[in-house]
Amino acid sequence: MLKALASRAAQSLRKNWKQHLATLALAWIAIVAVDTWRMRDLPQGPAPDVALVMAPSAGATAPTTLAQWRAQHPGQAVAVHFWAEWCAVCKLEEPSIASLSSDWPLLGVAMQSGNAERVAQVQRQRSMAWPTAVDPQATLSRSWGVRSVPALVVIDAHGQVRFATSGYTPEWAMRLRLWWAQTMPQWKALLPKQ
């Protein structure tokens, strides 16, 4: 009986493959459209050099601007990860961020998650070892166009925003974006000069 059921399902798939392909294409278009709309305000071009108020961490020198933090990682692509203590999707993404931060420079921005001491307490409780700027009123996040969390911004070694995502991003996709920003030249550099 199970074999007959599988056979009928396979026949239906072969018979209606065009319909299934069209459905997949429409779903893909819808996903791309929603993602484009969600990311419409995220930064492009040069990364904004913003002031940072860092959550205290053991033995770390706290930078006061994004440029100072980036200067601690010369020649490297970096990631800025916007998250919130109250965000369930951010919590789901934390293991990926922890893994990513062990291989790539990563700066967290805790949006609307309390003052520096509260953010440091959350980081200790959740074993979040990466440096984090606090953004209790979402002022920093808004200046970057971040309206929802989680969001990830990848900046290349020249200070150009190369990628920005909003919502859950799988670890492999984060790593691929950082690798691309690190190893591939900017597209503008590939275009012929006029």
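Me: Let's settle terms: helices are DSSP runs (H or I) of at least four residues, and strands are E runs of at least two, numbered from the N terminus. How many helices and strands does the protein have?

Reply: Eight helices and six strands. Keep in mind that this is a predicted model.

Me: OK. In what order do the elements run from the N terminus on?

Reply: The run is α-α-β-α-β-α-β-α-β-α-β-β-α-α.

Me: And the sheet, what's the order of its strands?

Reply: β1-β6-β5-β2-β3-β4, in an open sheet of six strands with mixed pairing. The edges are β1 (45–46) and β4 (132–135), each of which pairs on one side only.

Me: How is β1 joined to β6?

Reply: By two bridges, with β1 and β6 (residues 160–166) running antiparallel. As for who faces whom, Gly 45 sits opposite Val 161 of β6.

Me: Let's switch to α7. Do its length and its number of residues agree or disagree?

Reply: They agree. At 1.5 Å a residue, the 13 residues of α7 should span 18 Å, and the C-alpha atoms at its ends are 18 Å apart.

Me: Which residues of α7 are buried?

Reply: Ala 173, Met 174, Leu 178 and Ala 181. They cover an arc of only 135° around the axis, so they sit on the same side of α7.

Me: Why would residues a few places apart point the same way?

Reply: An α-helix has 3.6 residues a turn, so residues three or four places apart point the same way.

Me: What covers the buried residues of α7?

Reply: The cover includes β2, α4, β5 and β6.

Me: What does Thr 169 touch, leaving out residues up to four places away in sequence?

Reply: Glu 93, Met 174 and Arg 177. Met 174 is also one of the buried residues of α7.

Me: New topic: how many salt bridges does the structure hold?

Reply: Five. One of them pairs Glu 85 with Arg 118, with the closest N and O atoms 3.4 Å apart. Glu 85 is in the loop between β2 (78–83) and α4 (88–101) while Arg 118 is in helix α5, so this pair ties together parts that are 33 residues apart in sequence.

Me: How accessible is Glu 85, and how accessible is Arg 118?

Reply: Both count as partly exposed: Glu 85 has a relative accessible area of 26%, and Arg 118 is at 30%.

Me: What does Arg 126 form a salt bridge with?

Reply: Glu 94, with the closest N and O atoms 2.6 Å apart. Arg 126 belongs to helix α5 and Glu 94 to helix α4, 32 residues apart, so to speak a link between distant parts of the chain. Glu 94 is buried, at a relative accessible area of 12%.

Me: And which residue does Arg 175 meet in a salt bridge?

Reply: Asp 103, at 2.9 Å from N to O. Arg 175 lies in helix α7 (residues 171–183) and Asp 103 in the loop between α4 and β3 (106–111), so parts 72 residues apart in sequence are tied together. Arg 175 is partly exposed at 22%, and Asp 103 is partly exposed too, at 48%. Salt bridges with shared partners put Asp 103, Glu 171 and Arg 175 in one network.

Me: What is Val 122 in contact with, leaving aside neighbours within four places in sequence?

Reply: Trp 83, Glu 85 and Met 128. The C-alpha atoms of Val 122 and Glu 85 are separated by 7.2 Å, though the two residues are 37 apart along the chain. Glu 85 is also the salt-bridge partner of Arg 118.

Me: Last one, for the whole protein: what share of residues count as buried?

Reply: 37% of the 194 residues. As for contacts between residues at least 6 apart in sequence, 70% join residues at least 24 apart.

Terms used
Residues numbered from 1 in each chain as written. Predicted model: local features only at pLDDT ≥ 70, side-chain atom pairs only at ≥ 80, totals over all residues. Heavy atoms only, no water. Contact = heavy atoms within 4.5 Å. Salt bridge = Lys/Arg side-chain N within 4 Å of Asp/Glu carboxyl O. Buried < 20%, exposed > 50% of the residue type's maximum accessible area, 1.4 Å probe, protein only. Pairing = 2+ DSSP bridges. Expected span 1.5 Å × (residues − 1). Arc of directions from axis to C-beta.
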